[in-house]
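User: I have a new model open and want to learn how to read it. Can you take me through it feature by feature?

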Amino acid sequence: MRSFLLNRLSQSLVLLLIVSVIGFVVLNLIPGGPLAQFGLDPSMTQADLDRLKEQLGLNRPLWMQYLDWAWRLVQGDWGTSFRDGAPVLDVIGRHIFATLLLMGSSTVIAIAVGTWIGIRGATHRYSVFDYLGTVGAMVALSIPTFWFGLVGIYVFSLQLGWLPAGNMYTIGDGSALNYIHHLILPSIVLALVHVAIWSRYMRSATLDVISQEFVKTARAKGLSERRILMKHVVGNALLPMITLAGMQLPSILTGALVTETVFTWPGMGRLFLDSLGYSDYPVVMGLLMFSAILVILGNLIADVAVALIDPRIRLS
Amino acid sequence: MTERSNTKSNYSRRDALRLMAIGGAAGLIAPNLLGKPAFAQSPPASPTGRVVVGLSQEPTVFNPLMAHTEVDDALHFSVFDALFRIDPKGVLQPNLAVEVPSQKNGGISKDGLQWRIRLRDDVRWHDGEPFTAEDVKFTLELITNPKFRAWRTSGHSLLRDITVVSPTEVTWRMESIFAPYLSFLAETFMVPKHILEKEADPNAAAFSQAPVGTGAFKWAQRIAGDHIELVANTEYFGEGPYIERLVLKYIPDMTVLYTQFVSGDIDLVDQAYITADHYQEASKLSGRVVSLEPGASVESIYLNLEKPQFKDPAVRQALYAAIDRQAILEGIYYGVHALTETFMPQNSYYYNPNLPAQEYSLDRARQILDEAGWVPGSDGIRAKDGVRLSFSNATTAGNNLREQVQQFLQQSFAEIGVEMTISNLPGAVMWGDFWLKSQFDSAISGVTYVIAADPDVTNRLHTSAIVAKGGKGSNTGQYSNPEVDALLEKGARTFDPEARRAIYLRVQEIVRQDLPFLPLFAYTNVFGRKEGLEGFKPNANTRVASWHAAGWHWKS
């Protein structure tokens, strides 16, 4: 286990290095840059822009900028946002709570509902429920999230007036109830796609397990269907789901991007979009590295969890 | 014998008039007494209520002297004060200064080089410290500090010998005469010396995250990515504030911004405003006041005049004649904007209303090109001396209205034997070197020419402002006309508004004739606010709708 972990960690470091180099180069290759936002401002002369470029260190060769950035990163300094003037980690930290709240609630919905639909679909194969689940999943996967978002706002906010049209809370009312009220629509909209994914995976995993010999044995022993399902099927079917959950961890960053924009949610997805728009290199690089670390961690945790739960899987 | 008539009134004619006057006044007041009290229009005695302003970009630069974009002004105008302010009519009004210096009142010397500013003595920073001439000196010197990431330095870099004469008086000498500097100062917000002088690096000061100003509102808190909250400065020396809290809410998507205006989550739509395609619907909303207000920007087709096909004035004239601007305005922009022939905002004192109006005529366009010797080739595209009348047009990708305009123009130009290809770019790419260093053939852009209402357009139209030729400025179309250059130089040296008016009217005449860019329309902003929000004043001379939140109040 220890050598496995060390091996994975060293691979991760190489991966992070590659991600950082590619990210840095690609980002800097995009024409325009952080000063493009002043292009239409009649008061900014080229001399002003050149001065700003120098002050931000953007006039140095790219490799020098990279080495400087990487060296600081190793020392724990993720740089300073061009746009905000605040340390990158602070900028990310300011947005992480909103995203975690949204992703957390939507993940709970997605896993609970998706698992239930998947298992029920598998145990009632070719029933009306199963067909509805399949069609529903196809619809949820093929229609863009922003469409669901806009329809949700139109129906539940503008027409029925039941739910807020956006924002994380009403300004001036920071109560938990207010947060929950604002959380309902975006987390359901965001959960829709994940419900679809989970239900499809869960359905096939359950079907796999149902056809296994040990389930037949259990049945032959005269156990009730309910007991078989709860004790033998669900536990085994959930195993591959752990890997899926691990892989979905990085979508904390990107998955909520559209939803956060539609619902004016001040999370990391929107921060990423904004930072890209402003070519705020330090923040984009910070988010990229953060995301890469999450991917690596997510996979690592999933692997370890699977290994711990199922001793048949060897980590060598 | 004539008896005195019983019917005769005891009232004299004067009494009758008086009664009529009272009756008239009552007629005016009575409806208010019945429905809403007469005092409803007046602001409350102490700041009450909250106003949520919707912005399409997030304000992130809180030190007003640092490089920033227009969206940050929403905060700067409320938290800080400048020496002067520009009112909706484009007239400079004293703010921290007691008067606007001029050659007439002796604030500016006859040769235009010596300036004297007299300041109010009743202004305090939000932390209670008094505002003095030392702060003005510190502010002006900070802008030109080479280590400081200052916004514009033009004008400021001409200052020499800034001297604090007394706590309420500061003087300086200008290296050369620069009349627009008065207007520049109206957008130069004063920062506190006693806080910033202690900072080793003025760029990274804590002040930049929690600013301290003298303005009508004090900094309260920021929820990054969401909103900024300001609270009333009850010690404010000027008018207001009448509202207790001012919230600047960031909503990046234009459709969502509009939806939140409809749902009532925001009280006033600022930067980005309501899009033209939502105007009709918005104006029918109950409980909302939606109005059209002239803006300062002009949407034009920019031609890169160094490209051989655009060097011939006949081509520019023919292209202009081939644009059905009315159809674009009505069909694509829902009739919201206004036609214009110049770069100067139409409500400016310097606007020239007597320029020849463009007439849409494809026949006329063809005739101009025929006469100039542009002959259609085998593919139908005209050419002259080996130059094909073909060019690309760029604008920001994703702007669907502009993209429709491009397609419309493409078809129109094809009808006169001109080929226009469309190649759009993301905004962050478009406004970089591609735009600034004139790498485009032609481009569609909305541009504001004036800075704080000053008519000086040297940065945009002077030969020395062509960056692609080593100049300093943003003359991206590479326009060059010696007469315009001379007029602009003269205009920047002239303080007398009337004399300046003559100069800039002439500049507009020449530019209209030369057509370095083809004006499509002058922007009209669609402002929207909740009914009952009083004291709102549009001001095309500033870049934000909430330039004067100090005067806002809710109808009681």
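User: What pLDDT does chain B average?

Analyst: This is a predicted model, so begin with confidence, which pLDDT reports for each residue. Chain B averages 89, and 93% of the residues score at least 70. One stretch stands apart: over residues 1-40 of chain B the pLDDT is below 50. Beyond near neighbours in sequence, that stretch has nine contacts in the model.

User: How should I read the coordinates where pLDDT is low?

Analyst: Where pLDDT is low, predicted coordinates should not be read in detail. For the model as a whole, the scores are ipTM 0.82 and pTM 0.84.

User: Into which domains is chain B divided?

Analyst: There are two entries. Domain 1 takes in 13-27, 295-451 and 519-524. Domain 2 is 81-192. Their C-alpha centres lie 37 Å apart.

User: What does the UniProt annotation cover in chain B?

Analyst: The unreviewed UniProt entry places "domain: Solute-binding protein family" on residues 93-459 of chain B. That span is 25% helix and 23% strand, and its end C-alpha atoms lie 25 Å apart.

User: In which sense do β4(B) and β6(B) pair?

Analyst: Start with the general idea: in a regular strand, side chains alternate between the two faces of the sheet. Now the case here. Strand β4 (residues 114-118) of chain B pairs with strand β6 (residues 169-174) in the antiparallel sense, over five bridges. Within this pairing, Ile117(B) has Val170(B) as its bridge partner.

User: What joins β5(B) to β6(B)?

Analyst: A hairpin, through two residues. Strand β5 (residues 159-166) of chain B also pairs with β6(B) in the antiparallel sense, over five bridges. Ser166(B) has Glu169(B) as its bridge partner.

Conventions. Residues numbered from 1 in each chain as written. Chains lettered and ligands numbered in written order. Predicted model: local features only at pLDDT ≥ 70, side-chain atom pairs only at ≥ 80, totals over all residues. Heavy atoms only, no water. UniProt positions renumbered as here; feature names shortened; annotations may be inferred. Helix = DSSP H or I, 4+ residues; strand = E, 2+ residues; numbered from the N terminus. Domains from an automatic or database assignment. pLDDT = per-residue confidence, 0-100. Contact = heavy atoms within 4.5 Å. Pairing = 2+ DSSP bridges.
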